[in-house]
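Reader: I would like to go through this model with you. Please begin with the terms, and then take the features in turn.

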Amino acid sequence: ATFRGGVAQTSSAGTTPHSGFVEHYRAFASTIMPQVPPRQGYIAVHVRGTDKRGGFPDCLSETLRRLSVPLRVVTDDPALARTRLLGRAAANASDVFSDLAVILGASGIVMHSPGGWSAFSAMGAFFRGIPTLTTARDRWQLDLFRRAGATLDGWYECGQVHAFLAAARLV
């Protein structure tokens, strides 16, 4: 398989361009992360800002109100994150490698990004199979993957907080 435009391409007959999408992420991860630390008992909250700062319909506030587990915040826009986190967690600037370590060590990921998708937090979800809840009510990007035949097991949407926490083994 090869990667074009971030999508695994296969030449096998009868497969779609998205067949094996998650498997390709995990295969790549196994080559760059031979010793990954065990998951910790927290939720990584990824608040995507800067280039995607515009408002969009979301369920971040209602999701945070329903989470009673420790949170660790990953963001490229601390000011935006602080306005959205309801005082639940600190939002400080960090380097990309530290942020990725937070995501990879999480038991679950809350992804706050327009279209229901951020490649940065999705990378951690796919590398480790970490349950992920998207807060975007307009999930056009996830729907695009699904229509193309990608299977997104372990992905949850607004209103599925309990199922998300159960998958993250935090209930």
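Author: A residue is called buried under 20% relative accessible area, exposed over 50%, and partly exposed in between, with a 1.4 Å probe and protein chains only. The model is predicted, so local features need pLDDT of at least 70 and side-chain atom pairs count only at pLDDT 80 or more, while totals for chains, interfaces and linings use all residues. Residues are numbered from 1 along each chain as its sequence is written, and side-chain values use heavy atoms, with hydrogens and water left out.

Reader: How many helices and strands are there in the chain?

Author: The chain has 7 helices and 7 strands. These are DSSP runs numbered from the N terminus, with helices (H or I) of at least four residues and strands (E) of at least two. In sequence order the pattern is β-β-α-β-α-β-α-α-β-α-β-α-β-α.

Reader: And what share of the residues counts as buried?

Author: The buried share is 47% of the 171 residues. The accessible surface is about 8500 Å², and carbon and sulfur atoms hold 53% of that. Such areas come from the Shrake-Rupley method with a 1.4 Å probe; for residues, only the protein chains shown count as cover.

Reader: What about contacts between residues 24 or more positions apart?

Author: They account for 64% of the contacts in the chain with a separation of 6 or more. A contact means heavy atoms within 4.5 Å.

Reader: Let us turn to disulfides. Which cysteines are joined?

Author: Cys 59 is joined to Cys 158, with 2.1 Å from S to S. The link between these two is left-handed, at -90° about the S-S bond. It connects distant parts of the chain, 99 residues apart: Cys 59 is in the loop between strand S3 (43-47) and helix H2 (60-66), and Cys 158 is in the loop between strand S7 (155-156) and helix H7 (161-167). The rule takes a pair of cysteine sulfur atoms within 2.5 Å as a disulfide, and the count comes to 1.

Reader: Is each of the two, Cys 59 and Cys 158, buried or partly exposed?

Author: Cys 59 counts as buried because its relative accessibility is 1%. Cys 158, at 21%, counts as partly exposed.

Reader: What does Val 45 touch?

Author: Leaving aside residues up to four places away in sequence, Val 45 touches Leu 60, Leu 64, Leu 71, Arg 72, Val 73, Val 74, Leu 85 and Val 110.

Reader: And where is His 46 placed?

Author: His 46 is in strand S3 and counts as buried, because its relative accessibility is 4%. Beyond four places in sequence, the residues that His 46 touches include Val 74, Met 111, His 112 and Phe 120.

Reader: Changing topic, how many aromatic pairs are there?

Author: There are 4 aromatic pairs. Rings of Phe, Tyr and Trp (its six-membered ring) pair if their centres lie within 6.5 Å; planes under 30 degrees apart count as stacked, over 60 as edge-to-face and the rest as tilted. Trp 117 and Trp 155 are stacked because their ring centres are 5.8 Å apart and their planes are at 20°.

Reader: Phe 126 is in H5. How many of the residues of H5 are buried?

Author: In H5, 7 of the 10 residues are buried, so this helix is largely enclosed by the rest of the structure. Among them are Ser 121, Gly 124 and Arg 128. Just after H5, Gly 129 takes a positive phi of about 70°.

Reader: Which residue has a positive phi although it is not a glycine?

Author: That is Arg 169, with a phi of about 60°. Arg 169 lies in the segment after H7 and counts as exposed, because its relative accessibility is 72%.
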